[in-house]
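Hello,

Here is the structure I promised to pass on to you. Have a look at it first, and then read on for my notes.

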Amino acid sequence: MWKERFDIPEEVFEGYSFFRRGRMIWAFSLPEIPPFRCESIGMRVISMRESPWKPTTYALQLWGRYARKNVIDLDDEMARRFFAGESLELRAPAERGYVVVRHTGSVIGCGLYTPGRLISQLPRERRILEVEDQGASG
């Protein structure tokens, strides 16, 4: 998925192991799963609940900086709206599906792009609904 969808070089994933449990794929930095019972290990990186599989925001914040395709850069106003969980009307040189969303070169997270529209996939608990004006209080 990472190579085909985002053109992230395979060597980026060297040193990581992957574990599938149910409809989730987890990544961890050990060579193999430790020999104790555990519910999960590492960081959830892909949800396989729907097709196509969805990369998590956490995974894109870790590896998205290496993406060479299906990346959308937002200006300040669009980034603010994306952080708030809004859908954006825009045209971008990206394929339909999940994309890496960036602002000033930093990865914000995952978006779902259809031609003309970008839907924020940020988890609700990570959304920023209001930004205080820092200039007035000095």
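**What I found**

A network of salt bridges links K3, D7 and R68; a salt bridge here is a side-chain nitrogen of Lys or Arg within 4 Å of a carboxyl oxygen of Asp or Glu. Before I go on, please note that this is a predicted model, in which local features need pLDDT of at least 70 and side-chain atom pairs count only at pLDDT 80 or more, while totals for chains, interfaces and linings use all residues. Residues are numbered from 1 along each chain as its sequence is written, and side-chain values use heavy atoms, with hydrogens and water left out.

**Salt bridges**

The structure holds seven salt bridges. In one of them the side chains of K69 and E95 meet, at 3.9 Å from N to O. This pair ties together distant parts of the chain, 26 residues apart: K69 sits in the loop between α2 and β5, and E95 in the loop between β6 and β7. (Helices, H or I of at least four residues, and strands, E of at least two, are DSSP runs numbered from the N terminus.) K69 counts as partly exposed because its relative accessibility is 31%, and E95 is partly exposed too, at 41%. The cut-offs are under 20% relative accessible area for buried and over 50% for exposed, with partly exposed in between (1.4 Å probe, protein chains only).

Another salt bridge joins R80 to E77, with the closest N and O atoms 2.7 Å apart. Both residues lie in helix α3, three residues apart, or about one turn of the helix. R80 has a relative accessible area of 35% and is partly exposed; E77, at 41%, is also partly exposed. E86 and R81 form a salt bridge as well, at 2.8 Å from N to O. Here E86 is partly exposed at 32%, and R81 is partly exposed at 25%.

N70 is found in the loop between α2 (57-63) and β5. Is N70 buried or exposed? At 4% relative accessibility, N70 counts as buried. Its side chain makes polar contacts, meaning pairs of N or O atoms within 3.5 Å in which, within protein, one must be able to donate a hydrogen and the other to accept it, and residues adjacent in sequence count only if both atoms are side-chain atoms. The N70 side chain reaches the backbone oxygen of R5 at 2.7 Å, and the backbone nitrogen of E95 at 2.7 Å. Not counting residues up to four places away in sequence, N70 touches R5, F6, A94, E95, Y98, V99 and V100, where contact means heavy atoms within 4.5 Å.

**The sheet and its helix**

Five strands make an open sheet with mixed pairing, in the order β5-β7-β8-β9-β6. β5 (71-74) and β6 (87-90) are at the edges with a single partner strand each, so one side of each has no neighbour in the sheet. From one strand to the next, the twist averages 35°. Strands count as paired if DSSP finds at least two bridges between them. β7 (residues 97-103) and β8 (residues 106-114) pair in the antiparallel sense over seven bridges, and R102 has V107 in β8 as its bridge partner.

Helix α3 (residues 76-83) packs on this sheet and touches β5, β6, β7, β8 and β9 (116-120). Its direction makes about 145° with that of β6; axes are lines fitted to C-alpha atoms, for helices over the stretch in contact, and angles run from 0 to 180 degrees between N-to-C directions.

**Other strands**

β2 and β3 pair in the antiparallel sense over four bridges, with A27 opposite M43 in β3. β3 also runs antiparallel to β4 (residues 54-55), joined by two bridges, and I46 stands opposite P55 in β4. β3 and β4 form a hairpin with six residues between them.

**The cores**

A nonpolar core is a set of buried Ala, Val, Leu, Ile, Met, Phe, Trp, Tyr and Cys residues joined through side-chain atoms within 4.5 Å. The largest one has 19 residues, and those with the most contacts inside it are W2, F6, I8, V45, L60, W63 and V100. α1 (2-6), β2 (24-28), β3 (43-47), α2, β7 and β8 each give two or more residues to this core, and α2 supplies the largest share, three residues. A second, separate core has 14 residues, including A79, L88, I108 and L122.

Best wishes
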